[in-house]
Amino acid sequence: MRRNPLTTVRNLGILAHVDAGKTTVTERILYATGATHRRGEVHDGTTVTDFDPQERDRGITIFSAAVSCAWDGHRINLIDTPGHVDFADEVERSLRVLDGAVAVFDAVSGVEPQSEAVWRQADRHGVPRIAFVNKMDRPGARLDDAVASLRARLHPAPLVIQLPIGQDDSFSGVVDLLRMRALTWNDEGEAHDPAPVPEALRQEAHHRRRHLVETVAGLHPRALEEFCATDDLGTGTLVSALRDLTRTGDAVVVLCGSAYRNRGVEPLLDAVLAYLPSPLDVPPVRGTDDGGRERERDADPDAPLAALAFKVTATATGRLTHLRLYAGTIEKGDTVWDATARRTERIGRILRVHADRHAPVDRAVAGDIVAVVGPKNARAGSTLCAPGAPLLLEPPPVADPVMSVAVEASRGTDTGRLAAALARITEEDPSLVVRTDPESGQTVLSGMGELHLEVAVEKVRREHGLDVAVGRPRVGHRETVGGGVSGFVYRHVKQDGGAGQFAHVVLDVEPFGPTGSGGTGPGLTETESGFAEPGFTGPVFTFRSTVVGGRVPQEYVRAVEAGCRDALAEGPLGGHPVTGLRVTLTDGSTHVRDSSDTAFRTAGRLGLRNALRACAMVLLEPVAEVTVTVPEDAVGGVLGDLAARRGRVTGSEVRAGATVVTATVPLAELFGYATRLRSRTRGRGTFTSRPTGYAPAPAPQR
């Protein structure tokens with residue numbers, strides 16, 4: 001029987017904290033598979049996936065890049081994702097279309113802040129992962145310590161299938177615990193033939209394999225049956241059980257190596273094929289048809305087309321829309337239906353993507369990740385489907401911006417060009433938002449952090465040749481209720497000839513937190529409330545009605561709720577969005593002729609707006625968890641500087657000869673911190689940060 005070709009496809013991403021070696025792992029995969037013929041280096045600016053000039057200048061991944069390669073008869077579509085927290089939205093869009101991922105960890109640092117953040121993102125999307133502990137050749141590298149941090153901070157069941165051979169600079173290979181053989185590499189990174197396990201490691205290898213077998217048997221029912229019968233597990237059973245546990249998320253296979261020295265890459269590729277799913281192994285894609293009914297569509301090339309656009313880029317050859325095909329087939333010249341924009345689009349060309357290079361193909365089928373030229377209105381998150389079988393797929397969530405800067409063209413004649421340039425970069429990156437400040441008339445660019453905005457402005461300067469002036473960054477505040485009100489009465493009466501408007505509502509407003517009747521309060525970080533990971537959930541607002549006797553009909557209750565939601569857009573303290581409150585409609589009345597949905601929606605909006613003015617309101621500011629790594633002799637100065645920035649130190653530990661300090665710091669106080677830290681530590685200190693929520697801001701000084 002002919003094997004379905006989709007079983008030989010793997011769509012995976014590389015996830016990691018910045019500087020864990022993610023891009024180097026990608027480069028070595030391309031080299032090992034023959035997709036490239038030289039090893040690209042981040043420090044030389046010669047990597048395939050970091051092709052943007054800004055990425056090469058800064059030495060970090062900024063934009064997700066897709067590449068394709070082949071290994072052992074399989075095609076691997078790989079997306080190298082950014083590791084910096086400011087570009088988490090790029091990771092989010094990539095994870096939406098991936099079937100699996102390789103999470104890369106530093107063998108010295110273990111789980112770092114952004115490692116944890118991308119892991120949680122993958123959890124939300126249900127993406128199976130395997131872990132690769134990189135940089136095993138670094139001084140202080142310890143596989144067991146890295147695995148312990150993975151278990152403690154990410155809470156998976158790590159299943160280590162390798163034992164390192166050598167330590168630090170003498171790291172030369174690994175013991176394959178499944179097949180009990182030694183895999184080693186020479187100084188040039190070329191693999192030797194598999195060999196017996198070294199005598200010095202034989203006892204330790206048997207001990208670790210026994211631990212692996214017992215752990216797998218405890219997690220996998222069929223493996224347990226064989227273990228009870230034979231007191232061991234065969235290699236085939238182990239591989240099959242590891243595959244099942246990886247795909248269900250019940251465990252994570254852990255490998256190790258040194259990507260920079262090209263050691264451990266081939267076993268990693270074998271693990272990708274053995275344990276991560278093909279497009280056939282993931283559940284059918286779900287969407288809604290034109291009638292709003294939920295439908296499923298299998299990964300079948302003969303099914304009606306269903307594809308999701310996850311990235312849009314403007315190139316010298318035209319506008320590229322990057323697609324993941326979930327079902328059906330797409331061919332050059334096809335007409336497709338954009339279910340999001342509700343219009344037809346024509347496919348001019350189909351391209352197999354290799355970072356900044358593209359190879360034309362005539363068709364793409366379910367399971368493929370390709371770019372197309374032709375669609376003019378598709379955006380990241382748009383669904384392209386068969387015109388005769390519409391299906392709207394759920395788009396990736398878009399992050400809410402947390403920081404803003406004012407931008408203007410240095411020359412007045414360039415104002416129109418600047419507007420066009422900003423429109424293009426926001427089309428490519430949905431987490432960037434451009435608006436006009438109603439008071440000052442300034443153009444305001446908002447994004448996910450200081451670096452995110454720096455990159456966006458520099459992109460405008462380089463690609464559009466514009467001289468742009470930039471104002472000081474500002475953070476996005478929120479407002480919440482500190483002390484509520486009860487029995488707030490609002491009457492909306494309007495009579496201007498003909499039918500009038502009448503609505504009478506009585507509202508209770510209370511905090512949605514410790515001072516109220518449940519949930520989280522200002523500064524606490526419960527993910528479902530929208531505090532923990534700003535941008536992926538909306539503001540906290542709960543509404544209920546306790547009206548009895550039909551004094552306010554149910555259709556008007558819904559209108560009051562809609563009006564209250566309208567009022568959340570601007571709070572009384574400074575026009576910031578309002579979050580963290582519960583509103584109860586306790587009473588009201590209607591007029592037999594003048595009451596309507598419109599009247600009650602207006603009453604809800606104006607009533608809550610006035611009620612908030614009567615409440616004790618609290619201004620919230622975004623805060624971030626900062627992890628600072630400094631030499632021991634600089635700790636005192638760094639702690640003092642964090643205190644001056646209103647930081648609250650939450651932990652400190654010594655790791656690999658350096659002190660790692662964690663603190664919670666207001667985001668507004670982190671502007672320019674990188675320069676200050678380098679100055680205080682003579683260039684030896686580094687830091688990372690990730691937004692963790694909102695906390696009460698200090699009262700402004702009069």
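Lys135 sits in the loop between strand S5 (129-134) and helix H5 (143-154); helices (H or I, at least four residues) and strands (E, at least two) are DSSP runs, numbered from the N terminus. Lys135 has a positive phi of about 60 degrees, although it is not a glycine. With a relative accessible area of 22%, Lys135 is partly exposed; buried means under 20%, exposed over 50%, and partly exposed in between, using a 1.4 Å probe and protein chains only.

A word on the model itself: it is predicted, with local features needing pLDDT of at least 70 and side-chain atom pairs counting only at pLDDT 80 or more, while totals for chains, interfaces and linings use all residues. Residues are numbered from 1 along each chain as its sequence is written, and side-chain values use heavy atoms, leaving out hydrogens and water.

Ala16 belongs to strand S1 and is buried, at a relative accessible area of 2%. Not counting residues up to four places away in sequence, Ala16 touches Lys22, Pro82, Gly83, Val104, Gln114 and Val118; contact means heavy atoms within 4.5 Å. Ala16 and Val592 lie 576 residues apart in sequence and 63 Å apart in space, C-alpha to C-alpha.

His17 is in the loop between strand S1 (9-16) and helix H1 (22-32). His17 is buried too, with a relative accessible area of 3%. Its side chain reaches the backbone nitrogen of Gln114 at 3.1 Å. Leaving aside neighbours within four places in sequence, the contacts of His17 are Gly83, Glu112, Pro113, Gln114, Ser115 and Thr688.

Asp19 is also found in the loop between S1 and H1. Here the relative accessibility is 56%, so Asp19 counts as exposed. Asp19 is not a glycine, yet it has a positive phi of about 75 degrees.

## Helices H7 and H8

Helix H7 (residues 221-230) and helix H8 (residues 235-248) pack at an angle of about 155 degrees, with their axes 9 Å apart. Axes are lines fitted to C-alpha atoms, for helices over the stretch in contact, and angles run from 0 to 180 degrees between N-to-C directions. That makes H7 roughly antiparallel to H8 (angles over 145 degrees count as roughly antiparallel, under 35 as roughly parallel, 65 to 115 as roughly perpendicular and the rest as oblique).

On the H7 side, Arg222, Ala223 and Glu226 meet Thr237, Ser240, Ala241 and Asp244 in H8. The residues of this contact divide into two nonpolar, two polar and three charged, where Ala, Val, Leu, Ile, Met, Phe, Trp, Tyr, Cys and Pro count as nonpolar, Asp, Glu, Lys and Arg as charged, and the others, Gly among them, as polar.

Methods. A polar contact is a pair of N or O atoms within 3.5 Å; within protein, one must be able to donate a hydrogen and the other to accept it, and residues adjacent in sequence count only if both atoms are side-chain atoms.
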